[in-house]
Amino acid sequence: MTPEAEVYRRFEDRAAKQLRKTQLPLILGKATDSREVRRRETFAGFDLPALRDAAEAVRAHTMANLDTYLDRFAERAEAKGTKVFFAATGPEAVDYIRKVVADRGARLVAKGKSMAAEEIELNPALEADGVQVVETDLGEHIVQVGHEPPSHITAPAVHMTRRDIAQLLAGHYGRTLPPEPEALTAFARGVLREAFLRAEVGISGVNFAVAETGSLSLVTNEGNGRMVTSLPPVHVAIMGMERIVPSFRELELLYPMLVASAIGRAVSTYLSLINGPRLPGEIDGPDELHVVVLDNGRSRILGGEFRSILHCIRCGACQNVCPVYRQVGGHAYGAVYAGPVGAVLTPLLVGFEKAGDLPHASSLCGACTEVCPVKIPLHEHLLGLRREVAKAQRPTGEVLMFRTWAMAWRKPGRFLLFARLSRLGQRLFARRGRIRKAPFPLSRWTKGRDMSPVAGRTFRERWRRGLRKGGA
Amino acid sequence: MGPRRVSLFVTCLVDLLYPEVGEATVALLRDLDVEVDFPPSQTCCGQPAFNSGFEGDARRVAAGLLDAMEQAEAVVSPSGSCTAMVRSYYPHLFHGTADESRARALSAKTFELSEFVVGELGVESLGGAWEGRVTYHDSCHGLRELGLSGQGRSLLRGIERLELVEMAWPDRCCGFGGTFSLRLPDVASAMADEKMAQADATGADVMVTGDSGCLMHLAGRANRSGSKARPMHLAMLLAEARGLAPVKPAR
Amino acid sequence: MDRAAFLERVREAVATVPPVELPVAFPRTPASGSHADFETFRASLAKNNGLARSVGRTELAGAVTEVARELSASGRTVVAPDVLGLYGEEIERGLAAAGTEIVRPEPGAWRDEAARADLGVTSAALAVASTGSILIVPGRDHPRVASLLPPAHLAVLPASLLVAGLEDVMPVVTAAADRSSAPVLITGPSRTSDIEMTTVFGVHGPKVLRVLLVEEA
């Protein structure tokens, strides 16, 4: 969970903070809408249902044989001189990477985007060792300077305006900077180039590891992925253990599915295919390549009902269509993974005590399930998780409320009694056919909306009075 | 040709808060020569508890619906989300219980109003006339669980002098989501505001929806935010256009 | 955790997972190919803000001159040894006519020289018509930095290496896995839209990409 989530423990409170930023849904809405429009355009004319079926099958097959593929990957990678480390937990992964960095005597690490690295809280650990970590993905760099977590899987700084960004970078670097994307980008290119050239260690994520050849693939648009994995003498790649494909052939399908779903293009600017450290005779490339394969709770998920969440290829399409996400942004989720995928994955990774309210941060509209390129039934998982959270936590108020409700509503006589009692009680609150202030818990409704009172005659009463015979 | 006898599943929200929607539904069906009965032991489909993760409580109430509709030839409901609960979730809810086959049977014979009229009765237009500009809100469960989209629009297009316009994102959730609207009321209201803004941007006089939950949420919010477009249930508008309008209580 | 123990946990977890067949064929994707023709390649690359030209061998030097005049007029150009092996005469003549200084670094000096250069010239192993991509396969005669550090990148390759779509690339990538540590599929210049979703080119990688497909006589 993010530092903010330690202070504001409930989604509702974090969301309230974000809702006060009245500009946020406008910026976010524009960004996510344009991505969704582009996604639809890119897939127009293709058999999208068949593509999704195939992509789902590739992921499901891979998960069903994950041990085989991970074993093959490690064997083939090690044969090329790559060092593969299997980390059962986040701290294990962090300690391994700290050691690699320390063994090198590195003081500066250049880092490409990695959700897995965020998940294990790598940066603070390295910084505590006195190592400077520079995020090189432009959006990640911006939020790093701003000391915030990223707010969207593929657009980390989407919640900030150009003015926000100019002010932020100007303040940090002690320069005046115009609030223009071109100028800001050119400035960033200069300062980050320094980091690439001086860093002793480059750290990256992995989009898909390739089992057949022991390779890694990295999908980027900026070029920092290439920089970070080519210039420093040591490259460390971190991957969630589920981020793997059987062979390069499966990338034919998953690579365009990922890019089209994420940003509405057929391919990204760069698809880096890393087969190992520098080969004898090659002019450049890192001397050492380390791949850290992370479990951190994934094997537990793999063995359970929600295993298909591991099919996720991190495209962010679900975030782009989520009607809740567009109102509150990524930070409201208080975790590395936000939006629908985050609302499913986070409680499964960090537990219900910290994140049990995330599955309720959804109206279950199903838009996420509709766009997921690998057909994860996201909204079904959210519903299933609500069930598991209710079982685990047995929240007294709700348990009592639903028990009472079930008793009252399972018999028509009691239901009618409920209607009559409500009609009586609401006389205190109904004015001119509407209720503007209701008692708790309905006050939560009337805070922002009028409520309809129970009708003078319910439908069933009207039916008995003559509707049955075809009259009104 | 579909069945000519249906049992009405009126739904708890319509029964308690919007009985005129139930009356309009009955009037429309009778006008199409369909016999309508109302099994009086029905109460609710169980969705409120189900969506909060309380399957046991949901099942207890849902079992009442299985009993009520046992003899029905076909069940018609003026609610996409309640119909979706029965069609998409009852098999899961009753899986492994003695009621499983009854649940599947009910699931197979339950329809939302517009899909019944267009799909089962084969009626794509009810005719009639209604003056004004209308936009159609795709309620989430109706759209994504039942595939409702063309049916309601077809019926609206069949009405003379009615101008049907589309919002920029007609299928975006309005923010009701059942208990969601109580758990996260501020987020829900923000979602409603965006929806009403899109409706107003079309210049629509009315925003039609097939779900009373959406209606309750959007109308309740519109009253506060002063939106121009008036949320209205599909059944009400269709009935008005055909001159079958029931008497509405003053609001 | 050691590999065996880690995989044992995974094995236990997947024991209850029903088997799923890996599809043998995939439906057409937005990156799938139809025709390996130059016009398709040119248009696809143009959509991604890169420029491609098809030239005969005798026109090659002139085409190189044009590119170098635009991008490295009184600057420095680094050239990967492998492309010199293919088209050395034309490239050197073309660059010289543009007035750019041709830099041939020693292996250890490649990074610094590429960082100071205005233009990098390399070969490419494939061009992909449907997407407008080129496959760069670094190796003993081809440093990674040549297509990465200079602000402009010119790739020169035989037109016979044009393929239809992404499905034609993966077998080549698989075959190259043992002889190159880092092939890269490049589609246009470096770009970002991290600031207010506005597209800007030349974030970290080259800002300009030019491709010359050379028709043999």
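Predicted model: local features only at pLDDT ≥ 70, side-chain atom pairs only at ≥ 80, totals over all residues.
Q: Why is His360(A) called buried?
A: The cut-off is 20 or more other C-beta atoms within 10 Å. His360(A) has 23 C-beta neighbours inside 10 Å, so it counts as buried. Its place is in the loop between helix 18 (352–355) and helix 19 of chain A.

Q: What does His360(A) touch, not counting residues up to four places away in sequence?
A: His360(A) touches Arg386(A) and Arg183(B). Contact here requires C-beta atoms within 7 Å. Leu382(A) is 22 residues from His360(A) in sequence, and the two are 7.5 Å apart in space, C-alpha to C-alpha.

Q: What makes strand 12 (residues 208–215) of chain C mostly covered?
A: A residue with 20 or more other C-beta atoms within 10 Å is buried. In strand 12 of chain C, seven of the eight residues are buried, and the strand is mostly covered.

Q: How do you know that strand 1 (residues 51–56) and strand 12 of chain C pair?
A: Pairing needs at least two bridges, and six bridges join these strands, so they pair. They run parallel. The bridge partner of Arg53(C) in strand 12 of chain C is Leu212(C).

Q: Which strands form the open sheet, and in what order?
A: Eight strands form it, in the order 8(A)-5(A)-6(A)-9(A)-9(C)-6(C)-5(C)-8(C). The pairing is mixed.

Q: Why are strand 8 (244–245) of chain A and strand 8 (162–163) of chain C called edge strands?
A: Each pairs on one side only.

Q: How many residues of chain A and chain C are in contact?
A: The contact takes in 81 residues of chain A and 64 residues of chain C. Helix 4 (residues 48–64) of chain A gives the largest share of the chain A side, nine residues. By class, that side has 45 nonpolar, 20 polar and 16 charged residues.

Q: What makes up the side of chain A that touches chain B?
A: On this side, 57 residues of chain A are in contact with 54 residues of chain B. Helix 21 of chain A gives the most, with six residues. The classes are 30 nonpolar, 11 polar and 16 charged.

Q: How is chain B divided, and what is in contact across the division?
A: Chain B has domain 1 (5–119) and domain 2 (125–241). Their C-alpha centres lie 22 Å apart. In contact are 30 residues of domain 1 and 23 residues of domain 2 of chain B. The domain 1 side has 14 nonpolar, 12 polar and four charged residues.

Conventions: Residues numbered from 1 in each chain as written. Chains lettered and ligands numbered in written order. Contact = placed C-beta atoms within 7 Å. Helix = DSSP H or I, 4+ residues; strand = E, 2+ residues; numbered from the N terminus. Nonpolar A, V, L, I, M, F, W, Y, C, P; charged D, E, K, R; others polar. Domains from an automatic or database assignment. Buried ≥ 20, exposed ≤ 12 C-beta atoms within 10 Å, placed from the backbone.
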